[in-house]
Amino acid sequence: MENQAAGDVAALITAAGRGVRAGGTVPKQYRPLAGAAMLRHTVRRFLDHPRIDRVRVVFQPDDRPHYDAAVGDLALDPPVAGGAERQESVLRGLEALADTPPALVLVHDAARPLVAAQTIDRVLDALSDHDAAIAAVPATDTLKRAGPGAVVAGTVDRAGIWRAQTPQGFRFATILAAHRDLRDRSLTDDAAVAEAAGIAVALVEGAEENMKVTTEADFDRAARLLDAGGEIRIGSGFDVHRFTAGGSVTLCGVEIPHDQSLAGHSDADVALHALTDALLGAIGEADIGAHFPPSDPRWRGAPSAVFLRHACGLIRDRGGRIVNADLTLICERPAIALHRDAMRTSVATLLEVEVDRIAVKATTTERLGFTGRGEGIAAQAVVSIEF
Ligand code: MG
């Protein structure tokens, strides 16, 4: 599921098309859509996905100014010059990736800016036991074949008919070889290249929202969907652990030498417990104690990263993305400031987000109350999740 080694999955975004709106001059993938170029929306879906390691765009070099304006500030690998036909463009993209070949590649149309993280996950999951897998939607409308004069010439049996979308995912070496062998054929998508090479292509569930933005009506619909942007949810968590005899405390997954330790069934990482509860709270789940009962011997001495990863997995399963997390540690000692950078990095790594989305703050209670008397450490956390 989520265990590919780092550097394993590349996304290739095809943006070399010349589709220009009637009377317009900007290829559609660079047109503004809900406050950003369409290409930017599309690229971010892959950049933000925790299972994608690198993202590369195939473009027309003439479009360089549009490209730079749209995505020049994002952490993309250098763009690849495309060809005259889509198939040639994808081959050039694959050849560019072949310098440091990924295990898997997802090919995706720039004109599908609404691809959901779950769709990407389903394609990647299917690649664990297939060489190729594509997102697709079963045909639900009755299909008619038109005859002369736009009169129905017949009804097509829709059983087993699917509409192919992207992403289309492949074992990299397999699709590169197929594209090289079939470069002179004119095939409409990468799955067709795989099919022509005799590779079985798995169908996984795409989504109606993952439409190819082509017409003006599509632009309007995509803008509405992107503006709606799902919803933001907030979660909060609070935890306390008391001091006990020992020589270090673990906070945010960082072990800090101290003249006492924190008591608890697990590693007593009060900060990660508060954060885990915040994540669980944002999705209406029961608290950390319900998921990981202190009575269960499996969690004795367990690193609290286990609890945090479980909560992250539940959020991802629901299609959520962690926007930011804000942690406050409340204690007189140890001094948190010395370790704050390490704590932020640790939390960012555990949550698989950029470090600037994580805050770790510390305060005292002016020697008042249990933290003021040095009896323990309290932590609170707030997170926001975007769906
Ligand atoms: Mg706790």
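Which side chain makes a polar contact with the side chain of Asn210? Select Asn210 and Gln165 together: their side chains form that contact, at 3.1 Å. (A polar contact is a pair of N or O atoms within 3.5 Å; within protein, one must be able to donate a hydrogen and the other to accept it, and residues adjacent in sequence count only if both atoms are side-chain atoms.)

Before moving on, know that you're looking at a predicted model, where local features need pLDDT of at least 70, side-chain atom pairs count only at pLDDT 80 or more, and totals for chains, interfaces and linings use all residues. Residues are numbered from 1 along each chain as its sequence is written, and side-chain values use heavy atoms, with hydrogens and water left out.

**Stop 1: around Asn210**

Asn210 sits in the loop between β11 (201-205) and α7 (216-228). (Helices, H or I with at least four residues, and strands, E with at least two, are DSSP runs numbered from the N terminus.) Is Asn210 buried or exposed? Its relative accessible area is 0%, so Asn210 is buried. (Buried means under 20% relative accessible area, exposed over 50%, and partly exposed in between, using a 1.4 Å probe and protein chains only.)

Now show what Asn210 touches, skipping residues up to four places away in sequence: His108, Arg112, Leu114, Val115, Gln165, Thr166 and Pro167. (Contact means heavy atoms within 4.5 Å.)

**Stop 2: two cis peptide bonds**

Stay with Thr166 and Pro167: the peptide bond joining them is cis, with omega about 10°. Pro167 belongs to strand β10 (residues 162-171). Next, jump to Arg333 and Pro334, where the peptide bond is cis too, with omega near 0°. You'll find Pro334 in the loop between β16 (321-330) and α11 (340-351).

**Stop 3: positive phi**

Select Ala150, in the loop between β8 (143-147) and β9 (151-156). Its phi is near 55°, a positive value in a residue other than glycine. Ala150 counts as exposed because its relative accessibility is 75%.

Then pick Arg367, in the loop between β17 (358-363) and α12 (369-372). Arg367 isn't a glycine either, but its phi is positive, about 60°. With a relative accessible area of 64%, Arg367 is exposed.

**Stop 4: the magnesium ion**

Which residues coordinate the magnesium ion? Show Asp239 (OD), His241 (NE2) and His273 (ND1), at 2.1 to 2.3 Å. (Donors are N, O and S atoms within 2.8 Å of the metal, or 3.2 Å for Na, K and Ca; water is not among the atoms, so sites may look incomplete.) Along the sequence, the donor residues follow the spacing D-x1-H-x31-H. Asp239 is buried at 18% relative accessible area, and His241 counts as buried at 11%.

**Stop 5: a sheet and its helix**

Finally, colour the open sheet of 5 strands, ordered β15-β12-β18-β16-β17 with mixed pairing. (Two strands pair if DSSP finds at least two bridges between them.) Its edge strands are β15 (260-262) and β17, each pairing on one side only. On average, neighbouring strands here are turned by 20° against each other, direction ignored.

Zoom in on β12 (residues 232-245), which pairs with β15 in the antiparallel sense over 3 bridges. Thr244 stands opposite Ser261 in β15. Last, select helix α8 (residues 270-282): α8 packs on the sheet, touching β12, β15, β16 and β18 (376-386), and its direction makes about 155° with that of β12. (Axes are lines fitted to C-alpha atoms, for helices over the stretch in contact, and angles run from 0 to 180 degrees between N-to-C directions.)
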